[in-house]
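Please look over the chain below before reading on.

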Amino acid sequence: MATYILTASRLQQALNHGIRRYHLSAMCRRAKVAMSYFEPNEYVNYELLRKNIDIVYKRLDKPMTLSEKIVYGHLDDPAKQKIGRGETYLRLRPDRVAMQDATAQMAMLQFISSGLPTVAVPSTIHCDHLIEAQIGGVEDLARAKDQNSEVYNFLATAAAKYGVGFWKPGSGIIHQIILENYAYPGVLLIGTDSHTPNGGGLGGVCIGVGGADAVDVMAGIPWELKCPKVIGVKLTGHLSGWTSSKDVILKVAGILTVKGGTGAIVEYHGPGVESISCTGMATICNMGAEIGATTSIFPYNHRMKKYLEKTGRKEVAALAEEFKDLLVPDEGCEYDQLIEINLSELKPHINGPFTPDLAHPVSEIGAAAEKNGWPLDIRVGLIGSCTNSSYEDMGRSAAVAQQAIKHGLKCKSQFTVTPGSEQIRATIERDGYAQILRDLGGLVLANACGPCIGSGTGKDVKMGEKNTIVTSYNRNFTGRNDANPATHAFVTSPEIVTAFAIAGTLKFDPERDFLTGANGEKFKLEAPSADELPTKDFDPGQDTYQYPPSESKGIEVKVDPKSQRLQLLEPFDRWSKKDLVDMRVLIKVKGKCTTDHISAAGPWLKFRGHLDNISNNLLIGAINIENNKVNQVKNLITNEYGAVPDTARAYQKQGINWVVIGDENYGEGSSREHAALEPRHLGGRAIIVKSFARIHETNLKKQGLLPLTFSNPSDYDKVQPDDKVSITGLNEFAPGKPLTCVLTHKNGSKETLQLNHSFNEGQIEWFKSGSALNRMKELQK
């Protein structure tokens with residue numbers, strides 16, 4: 001009997017949908033096993049995985065990494081597919097698709113415009129991004145349902161129409177829901193969120209993509225991925241004391257930097273893995289997005305088996321045990337790069353500010369803050385998010401909190417708690433963790449993304465005022481959490497956040513420093529410990545899932561033409577079959593330019609389903625090299641300065657094409673395809689940079705733009721903001737063949753540069769057709 005307990009209503013609903021997950025006999029281990037109890041007719045297919053892997057074994061004749069097994073095991077044509085790490089493009093058949101509400105809007109709008117009747121693979125939508133944190137969980141959820149009713153109704157109706165499962169507002173963060181219900185060892189899952197790799201904690205290859213990629217998979221089209229390299233991280237020793245799983249990825253981020261994992265899967269292995277819980281592994285994989293990795297993964301082990309069983313998937317665990325040889329790396333396999341970390345020597349870390357790869361041991365952060373002029377006073381400590389909101393995370397934080405409460409203390413800083421899912425919320429309420437955190441002074445927020453994506457931090461700080469916040473989140477780019485560019489955000493583990501919130505200052509090391517209790521006595525916090533899973537069964541809480549109906553012909557998906565939240569999409573124009581000449585430079589970006597800089601979240605989230613409205617945030621966070629200011633660029637026709645989106649619209653109105661010039665790792669961060677849709681919508685034709693982040697480069701290609709890189713990175717310096725830019729050679733556009741860029745300077749002189757690209761033949765057709773969606777429609781005809 002599975003240990004997961006459903007409420008009576010959920011159990012009845014499950015039975016009504018034909019789910020019989022309680023009757024798998026030990027004598028029928030080869031019986032079909034459902035991927036999820038929400039989808040009784042969609043099965044785990046390890047037999048096909050083995051068949052494909054065996055074909056590739058014969059071709060490669062070498063031991064394989066775990067990453068290779070799962071990726072190659074999902075090849076559309078394993079017998080003929082060209083395979084070369086970091087070189088060839090693979091055509092893959094993912095098992096499923098997951099979408100969060102902010103990106104699902106555009107994905108479903110694109111799917112609707114494809115004209116297809118239903119999705120070809122199991123797919124789900126998760127409402128987690130649009131809930132703003134202000135007062136508390138109950139109040140914030142009610143307000144979100146009211147304010148976003150039009151969007152939620154659209155998503156629920158579209159999901160029902162096209163056969164997609166729908167997780168209602170309040171159900172939790174997409175990645176926690178996936179881990180609890182859909183991820184399993186060996187799965188290939190794509191999700192329209194950059195932290196989809198969270199599922200690697202259950203031994204799956206789970207990859208963040210843009211909405212257009214999701215549409216391809218939902219349409220039954222093979223999904224393209226550049227064959228990833230594999231970075232091995234060998235773990236030895238064991239975690240103990242204040243050191244947690246979060247410290248592993250904080251350390252790795254410090255080693256590899258924000259672009260060190262680009263084009264690679266990070267594969268953890270070694271004896272140290274055994275000391276990390278399943279949800280701890282998920283934490284590490286989740287934040288792998290911050291090093292640019294395609295995804296991250298751990299090998300199947302007893303910790304995963306235990307988690308599967310505890311979350312009601314005993315049958316999946318049994319099947320994984322039977323096929324375990326497919327779910328671990330081969331002995332003697334080779335990695336493109338190898339990093340070794342001794343967990344017994346690893347110290348608690350904290351990374352930041354302004355970038356997630358600036359790593360510091362916690363013991364040194366106070367001195368570093370004083371040296372660099374970072375504010376020591378901590379305004380808010382925030383725990384939770386998709387990275388660290390598991391039962392174990394909440395338990396370790398509560399263990400720290402309880403010690404302070406015992407000595408009569410409360411938090412000196414504001415303190416917020418974000419449960420990862422309704423199941424986690426209900427279980428920590430039942431087991432007392434939530435109340436302990438409240439007793440410390442914490443505010444328990446809704447089961448949603450909240451402050452992690454800029455939807456409220458709860459602090460009262462004027463815009464531009466320097467301040468420090470400490471979070472257990474994954475990302476800390478400038479303005480990420482509160483739109484204030486002067487906020488110094490640091491990321492660390494939930495238990496360290498809790499300790500810092502109690503102390504109220506960065507100048508505190510819980511391993512070494514003392515606190516003063518209410519009675520004046522000094523005491524030191526002991527290292528926390530907590531169960532990785534509840535002793536009792538998980539409490540699933542409220543039922544928040546909407547099954548796709550068996551019949552959807554009568555369902556109509558409506559979009560009001562006057563809506564300010566939703567807008568049906570019009571096809572982008574096809575390539576004119578001419579070179580792109582005399583384009584203007586909209587902006588030459590200085591330094592880091594993430595997708596948050598290109599298409600901000602926070603208050604702009606409400607426009608994610610309306611392309612024209614959200615395009616008013618295009619590049620408003622990027623620094624203009626000409627004047628070191630944000631959202632102020634020169635209109636080269638009028639010679640007046642204005643906002644970036646306004647200037648783009650002015651060029652577009654006059655029929656002038658434009659380009660963006662960027663620096664290294666352009667488009668790192670979120671998977672949001674709006675950062676590609678917006679420049680295309682406003683007349684952009686090319687983005688020319690030193691290097692791209694993987695997801696953003698693909699998103700640009702999907703929307704018919706030209707993502708190009710300088711053959712010589714120093715050529716970035718040759719482009720002047722008032723140059724005219726021409727890209728020639730497009731009639732001979734071919735894989736591996738550079739394009740020519742001609743700069744016409746203000747004085748009339750010309751300069752020729754070489755531009756590289758990573759287009760393959762199929763992607764070139766996207767460009768010629770105007771977008772990947774246009775190309776799909778052409779092929780359908």
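A residue is called buried here when its relative accessible area is under 20%, exposed when that area is over 50%, and partly exposed in between, with a 1.4 Å probe and with protein chains only taken into account. The model is a predicted one, in which local features need pLDDT of at least 70 and side-chain atom pairs count only at pLDDT 80 or more, while totals for chains, interfaces and linings use all residues. Residues are numbered from 1 along each chain as its sequence is written, and side-chain values use heavy atoms, with hydrogens and water left out.

Consider the chain as a whole. Of its 781 residues, 62% count as buried, and the C-alpha trace spans about 75 × 65 × 55 Å along its principal axes. The radius of gyration, taken over C-alpha atoms, can be set against a globule rule of 2.2 Å times the number of residues to the power 0.38. For 781 residues a compact globule would have a value near 28 Å, and the 25 Å of this chain agrees with that. The chain holds 24 helices and 34 strands, where helices (H or I, at least four residues) and strands (E, at least two) are DSSP runs numbered from the N terminus. With a contact meaning heavy atoms within 4.5 Å, 74% of the contacts between residues at least 6 apart in sequence join residues at least 24 apart.

The mean positions of the 88 positive and 88 negative charges are 3 Å apart. In that count Lys and Arg are positive and Asp and Glu negative, with His and the chain ends not counted, and the place of a charge is NZ of Lys, CZ of Arg, CG of Asp or CD of Glu.

Where does G210 lie? G210 is in the loop between β8 (205-208) and α8 (211-218), and it counts as buried because its relative accessibility is 1%. Not counting residues up to four places away in sequence, G210 touches T192, S671, E673, I695 and N699. Just after α8, G220 takes a positive phi of about 85°.

An α-helix has 3.6 residues a turn, so residues three or four places apart point the same way.

The loop between β14 (349-351) and β15 (359-361) holds P353, which is joined to G352 by a cis peptide bond with omega about 5°. F354 lies in the loop between β14 and β15 as well, and it has a positive phi of about 70° although it is not a glycine. At 25% relative accessibility, F354 counts as partly exposed. Another non-glycine with a positive phi, of about 60°, is N628, found in the loop between β25 (623-624) and β26 (629-630); N628 is partly exposed, at 49% relative accessibility.

How many disulfides does the structure hold? The structure holds zero disulfides, a disulfide being a pair of cysteine sulfur atoms within 2.5 Å. C227 is buried, with a relative accessible area of 1%, and its sulfur is 14 Å from the closest cysteine sulfur, in C333, which is too far for a bond. C741 is in no disulfide either, and the nearest cysteine sulfur, that of C593, is 19 Å away. C741 counts as buried, at 2% relative accessibility.

Finally, E761 has its place in helix α23 (residues 761-769) and is exposed, because its relative accessible area is 62%. E761 and A734 are 27 residues apart in sequence, and their C-alpha atoms are 6.9 Å apart in space.
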